[in-house]
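Good morning, and thank you for coming. Please look at the sequence and the structure while I speak.

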Amino acid sequence: KRDETVQRVYALGESGDPAHVPELVAALNHENGNVRRLASSALGKLRDPRAVEPLIALLSAEEMPQVRQYAVKALGGIGDPRATAILESIADDEREMEYTRKAARNALERT
């Protein structure tokens, strides 16, 4: 079941179809961190502004570094100014993994 969810979330991101945004947003709350990571990545590929607030909400609670990194990258891919404040706080936070901070700096160049 878990592998099916991982494969589905990945496929939705590759589809390029914004109709899948609600399902991917729901997957940001999945118990499996890999599903959350892939959902973040998929939302970044779709670049739909509906994903901005859910990704920001994910970052306010997510503890897994790779999930955080992919959520940050997704926000950079979407390039919505609503993400500026959280991206700035992540870029400046020495408790964050360096790759997440770098992703936040890169994302800020796009917002």
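How many of the 14 residues of α5 are buried? In this predicted model, the count is 10 of 14, and α5 is therefore mostly covered, given that buried means under 20% relative accessible area. Among the buried residues of α5 are Val-67, Ala-71, Leu-75 and Ile-78. The partners against which the buried residues of α5 pack are α3 (33-46), α4 (52-61), α6 (84-91) and α7 (98-108).

Let us consider the length of this helix. Helix α5 comprises residues 65-78, and at 1.5 Å a residue it should span 20 Å. The C-alpha atoms at its ends are 20 Å apart, which agrees with that expectation. After α5 comes Gly-79, with a positive phi near 70°.

I turn now to the charged side chains. The count of salt bridges comes to 10. One of them joins Lys-45 and Glu-14, at 2.5 Å from N to O. This pair links distant parts of the chain, for Lys-45 lies in helix α3 and Glu-14 in helix α1 (residues 2-15), 31 residues apart. Lys-45 is partly exposed, at 43% relative accessible area, and Glu-14 is partly exposed as well, at 44%.

Is Asp-48 buried or exposed? At 12% relative accessibility, Asp-48 counts as buried. Its salt-bridge partner is Arg-50, at 2.9 Å from N to O, and Arg-50 is partly exposed at 47%.

Glu-98 and Arg-105 also form a salt bridge, at 2.7 Å from N to O. Finally, a network of salt bridges links Glu-53, Asp-80 and Arg-82. Thank you for your attention.

Key: Residues are numbered from 1 along each chain as its sequence is written. This is a predicted model: local features need pLDDT of at least 70, side-chain atom pairs count only at pLDDT 80 or more; totals for chains, interfaces and linings use all residues. Side-chain values use heavy atoms; hydrogens and water are left out. Helices (H or I, at least four residues) and strands (E, at least two) are DSSP runs, numbered from the N terminus. The expected span of a helix is 1.5 Å times one less than its number of residues. Buried means under 20% relative accessible area, exposed over 50%, partly exposed in between (1.4 Å probe, protein chains only). Contact means heavy atoms within 4.5 Å. A salt bridge is a side-chain nitrogen of Lys or Arg within 4 Å of a carboxyl oxygen of Asp or Glu.
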